[in-house]
Structure formats: C-alpha cells, structure tokens
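Please open the model in your viewer and keep the selection tool at hand. The stops below go from the whole chain to single residues.

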Amino acid sequence: MSTSTHDTEAAPARRRWRPGRRTLEIVALCVALLLLLIALWDWNWFKGPVERAVSSATGRAFHIDGDLDVDLGRTITVSADGLRLANPAWSQQAEMATVERLEVDVAALPLLAFRLHVRDLRARRADIRLETGTDGEPGNWTFEGFGTTQEPDDGPPRWRLDRLWLENGRLRFVDAPEKTDIDIALQSVAPGKAEGSPVAVDGTGRWRGAAFKLDGHVASPLDLVDTQTPYRIDLKASAGATRARASGTLTHPFQFRQFDLQMALSGQDLEDLYPLLGLALPPSPPYALDGRLGRTGDRWRYTGFHGRVGDS
C-alpha cells in the first residue's frame, strides 16, 4: 500500500504573533501615562491663554479669578467663575463688567470649519457699567478693533450667538454731563411669541437730574449688538412728576435720537418734558396724553393721540 506524500508530511504549524515583553511594557507605560494625564488634567492650565486672547481682542485687561472647566461632546460647554473686564483708562471705575459665573454652550462641528456657533450663553450675577465718554472719548462699550474685521461675503458669518440668559444681572448707565445715573436689575424670562429671551427690568436712579424709576420688559440684549436694528421695549417709567408708558422700538437706544413708540404721557406741566426728553413744549396745566411718538434726529412727531390738557 502506498502512502501519499500529503498524508506522510505534517502540515507546517501556523505561528501566532505574541507580543514580546518589551512591547507589553511600552503599551502598559502608555496606558499608565494616559490614565495619569486624565487624573491630573486641569482646564485651568488654559486660563492664561484665554485671558491674553480676550485682552488682545478688546484692548482691556481681562481676568478669570475662579475655575475654568470644559465638558466635551457634540455640544461643548465651557464654564468659568469670577470674570472681570477692565474699563478704559479714562474711567474712574476700574471694571466695566464682572460675572460671577459664565456658561457657554458651543456646537462642536462648526469648529472644524473654523466657525463659532454659540447655542447658549448663561451669565449669573453679571454686573455691567456703561459710561459715556469724556473729552471726546467714545463710550466704554466701544472696544478697540471690534467691528473692523470684515466678514466674507460668501457663506455664514464666522461667529453666531443664539441665546443669552441673564440671572440676577445688573446694568448701570452713567452719563455725567447729562446728570444721568441709572441702576437697573436684569432677569431673563421665558420667551413668548417673540424670538430670543426678553429681559425683565427694574431700575431707579436719576435721568437728566430728575428722580427716575423704570420697570417692564425689553428685547434680548443680543439685539443691541446690531445698532441699526430697532430694539423693542415695553416699559413704564417716571421722572419727577412725569409718568410714561412706552411700547415700540428704539434705534441706537443709548443715544435716544431715533425711535417709534406708542407712548402715554401724564404730568403736571408739558414744559417738564424738555429736561427729560429734550422736547421743548410750552407751559401747561396737568395733562394726560396717549399717542404715537417718533423721533428722527431733531425732528419729533406725535400723531394719532388723544387725551386732556387742563380742561381741554
């Protein structure tokens, strides 16, 4: 009986690759280093670069006194405590803004295209001081370099902010030459039919020298970024003996030179409106009016109104 060669020759054994001792040591070292990095990683290492970047962009000193943290995911959440932004050198107050805690939700995918899409920005106990400039200086809300970079004409803008939420905020507006100093509490409220998150306001102080009080709602502060877009308000205010209820829009709100408002006015004398609004009217007995008030530059309009002046 003949025996086949295939039957008599044993098939060669397959050699299995087995990691050597040296390879295992390298892998174990890499894993240990990775675990150590995860255990010791601290986002506060980046506080210095962030502070320098904001200071360079604004031309103002910026500091993060508390912790900086980042939660990674499809939405990246950056949080920081104890933020401070300095005022320009001409101001007598050291800081323009402080924030107890800031949380920012950033969409991750647009970052790959070098675009910043901030879905939500939440600020707790933000304290902001706005001041008009002196000796020809612009207001302290004007930053060096801001608005000088042109966005490309094609495609979406490089950055976008969808929603701003303020918790226990405070805004102070000071115009010393006009004898105006207003202190306003700010609190975001759930939006209704309007877009964005409107803000409830409640303030006191002095407006052009007269005791001032204010309460109501205004549009999201995000709408103030575009100064050409009308800013919606619904407010009740009093200054001295004058009472007002205004609902409508302001363009360049802090300049108060262009607006379109449904306004109810009442007071003891129409002449009192001059120091408050810059509107020159003759002396009158007590009055109560309700109509459409508009201003474009130095031209005022009050239309569709009804009410009483004295017995008329």
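Among contacts (heavy atoms within 4.5 Å) in the protein chain between residues at least 6 apart in sequence, 41% join residues at least 24 apart. This is a predicted model, in which local features need pLDDT of at least 70 and side-chain atom pairs count only at pLDDT 80 or more, while totals for chains, interfaces and linings use all residues. Residues are numbered from 1 along each chain as its sequence is written, and side-chain values use heavy atoms, with hydrogens and water left out.

Next select N140, in the loop between β5 (116-131) and β6 (159-161). Is N140 buried or exposed? N140 counts as buried because its relative accessibility is 0%, where buried means under 20% relative accessible area, exposed over 50% and partly exposed in between, using a 1.4 Å probe and protein chains only. Show its surroundings, and leaving aside residues up to four places away in sequence, N140 touches R60, N87, P88, W90, M96, R129, L130 and E131. With one of these, N87, the side chain of N140 makes a polar contact of 2.8 Å (a pair of N or O atoms within 3.5 Å; within protein, one must be able to donate a hydrogen and the other to accept it, and residues adjacent in sequence count only if both atoms are side-chain atoms).

Finally, move to W45, in the loop between α2 (21-40) and α3 (47-58), which is partly exposed with a relative accessible area of 48%.

Definitions and conventions:
Helices (H or I, at least four residues) and strands (E, at least two) are DSSP runs, numbered from the N terminus.
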